[in-house]
Amino acid sequence: GLGYSRACVLALDEANSRLVGITGVGASGLIEARRLWAEVEQKTLGIHPKDVLTALLDDVEAHPTVSAQFVQDVKSVSLPLEGLTGALQTAISRGQRTAVPAGLPDQCREFLGQTTRELSYAFACLPVALKQQRFGVLIVDNRFLELQRQPLTAGELGRIEPFSDMVAAVI
């Protein structure tokens with residue numbers, strides 16, 4: 001896998017000096033995450049491992065499945081730029097990607113969800129930028145990876161960075 005289970009995009013709204021949620025992909029809860037992963041496993045039965053990603057991308061294009069609750073949660077995010085701290089501030093003001101280890105407090109946890117039972121997930125914020133112009137932040141987390149949860153390392157962020165570049169090109 002890619003090392004994360006959810007992703008969301010927050011856009012820079014400079015006119016209103018805010019960072020606002022645009023969209024997300026992934027589950028809003030553990031039960032939904034398990035159901036979605038079971039569907040993925042079913043869809044990839046009998047497919048050669050090197051062809052799995054292509055098959056999944058083709059399937060998503062043909063049959064998009066989105067957690068309405070997670071997207072709604074992301075779209076409700078509206079943060080003042082002057083109040084940004086932690087990983088969000090690093091991504092927006094410095095243009096640097098940041099991995100936040102499991103259990104470490106950070107402003108993002110307020111909307112990603114942080115309960116006492118789920119202190120063990122990590123997340124990362126990557127700037128969404130094109131030619132030094134910043135458009136927002138891509139946030140990924142590994143909250144619902146139960147079997148293969150690994151720390152989000154610099155190497156992992158390097159593999160995710162092309163996705164933030166693609167988001168910048170679309171915005």
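This is a short tour of a predicted model, stop by stop.

**Colour by confidence**

Start with pLDDT. The mean for the protein is 78, and 72% of its residues reach 70 or more. Select strand β3, residues 78–80: among the elements, this strand has the highest mean pLDDT, 94. Then select helix α6, residues 154–170, which has the lowest, 63. Where pLDDT is low, the predicted coordinates should not be read in detail.

**Select L19**

L19 sits in strand β2, which covers residues 18–25. Its relative accessibility is 0%, so L19 counts as buried. Now show what surrounds L19. Beyond its neighbours within four places in sequence, its contacts include L10, A11, L12, V77, S78, L81, L84, L88, I92, G136 and V137. L79 is also in contact with L19. Draw a C-alpha to C-alpha distance from L19 to L79: it reads 5.1 Å, across 60 residues of sequence.

**Move to T90**

T90 lies in helix α4, residues 86–94. Is T90 buried or exposed? T90 counts as buried, because its relative accessibility is 10% and the cut-off for buried is under 20%. Leaving out residues up to four places away in sequence, T90 touches G95, Q96 and T98.

**Finish at the cysteines**

Searching the whole structure for disulfides gives zero. Select C108, which is in no disulfide; its nearest cysteine sulfur belongs to C125, 3.6 Å away. C108 is buried, at 0% relative accessible area. C125 is buried too, with a value of 0%.

Key
Residues numbered from 1 in each chain as written. Predicted model: local features only at pLDDT ≥ 70, side-chain atom pairs only at ≥ 80, totals over all residues. Heavy atoms only, no water. Helix = DSSP H or I, 4+ residues; strand = E, 2+ residues; numbered from the N terminus. Buried < 20%, exposed > 50% of the residue type's maximum accessible area, 1.4 Å probe, protein only. Contact = heavy atoms within 4.5 Å. pLDDT = per-residue confidence, 0-100. Disulfide = S-S within 2.5 Å.
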